[in-house]
Amino acid sequence: MRKRPFFAHQHPLEASAARQNARKGRGDGKLHQQNEQVLWNHCDNYNESARPRMSSSQQSSPEQVRKVAEADFPSRFGHFRIYGFTNGEEEAVVVKMGDLKGEPPLLRIHSQCLTGDVFHSLRCDCRAQLELALESIAREGRGLVIYENQEGRGIGLLNKLRAYELQDQGADTVEANEQLGFEADLRGYALPAAILHYFGLKAVRLMSNNPEKIEALERAGVQVAERVPCIVAPVESTEDYLRTKREKLGHLLDPM
Ligand SMILES: [Zn+2]
């Protein structure tokens, strides 16, 4: 089986969209390949597992998504409800505030990043974006974060640390791919879309800087009524990463 470079930090929805574009010949396939390699060198999260993925025809339908738990969830951002969902393959946690009926609510789809979310890593901006999303939702009094529990699956987390090590040693892209490459994990938008369906949401205001993410969520049947920028001020250690996102992946970030 051919090994592919993986997106080292990019959120899986973005990665999936970029690959879909490359496969469809939309835009420049070579450029996307290059992007994957650039990200591989610059980024820190690991979003693909070695597990075989479902084809699009097998993606989870709303019926296959099951809520396994719901509880009260006070946090320092405000008072939420917390939910656990699974489709048998993947799991996600949702924190939700307020009544979601009526105008499209704020939504952030966040991929687990242990080093950022828990240890406050400054190799990426994951935690800062998550906090911004929770603060924004609390300010509006309604909205939700879908937190995809995918880093710990398969060999994700430790390979992320191995990637850090290789980056610190100055490994080039090809070497890193050879050493840590995995089969592609074509994470789709099926689970988040099914969760939104569970909450009766047909339209959302998506907190994201990635135009491709919007397109991909809409392909999964959810209307993005508005893109709400999720901009956090770069610190020195995330500058390269954010610049790469902006220049190579078309993320809507301020020049730095
Ligand atoms: Zn991160």
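**Terms and their grounds**

Me: Why is His120 called exposed?
Reply: In this predicted model, His120 has 9 other C-beta atoms within 10 Å. A residue counts as exposed if that number is 12 or fewer, so His120 is exposed.

Me: Where does His120 lie, and what is its phi?
Reply: His120 belongs to the loop between helix 3 (114-117) and helix 4. Its phi is near 60 degrees, a positive value in a residue other than glycine.

Me: How do you know that strand 4 and strand 6 pair?
Reply: Pairing requires at least two bridges between two strands. Strand 4 (residues 106-111) and strand 6 (residues 203-207) have two bridges, so they pair; the sense is parallel. Leu106 has Arg205 in strand 6 as its bridge partner.

Me: What is the strand order of the open sheet, and why do strand 1 and strand 7 stand at the edges?
Reply: The seven strands follow the order 1-2-3-5-4-6-7, with mixed pairing. Strand 1 (66-75) and strand 7 (223-228) each have a single partner strand, so one side of each lacks a neighbour in the sheet. On average, neighbouring strands of this sheet are turned by 25 degrees against each other, direction ignored.

Me: Which strands does helix 4 touch?
Reply: Helix 4 (residues 126-140) packs on the sheet and touches strand 2 (78-86), strand 3 (91-97), strand 4, strand 5 (143-149) and strand 6. The direction of helix 4 makes about 160 degrees with that of strand 4.

Key: Residues are numbered from 1 along each chain as its sequence is written. This is a predicted model: local features need pLDDT of at least 70, side-chain atom pairs count only at pLDDT 80 or more; totals for chains, interfaces and linings use all residues. Helices (H or I, at least four residues) and strands (E, at least two) are DSSP runs, numbered from the N terminus. Axes are lines fitted to C-alpha atoms, for helices over the stretch in contact, and angles run from 0 to 180 degrees between N-to-C directions. Two residues are in contact if their C-beta atoms, placed from the backbone, lie within 7 Å. A residue is buried if 20 or more other C-beta atoms lie within 10 Å of its own, exposed if 12 or fewer, and partly exposed in between; C-beta atoms are placed from the backbone.
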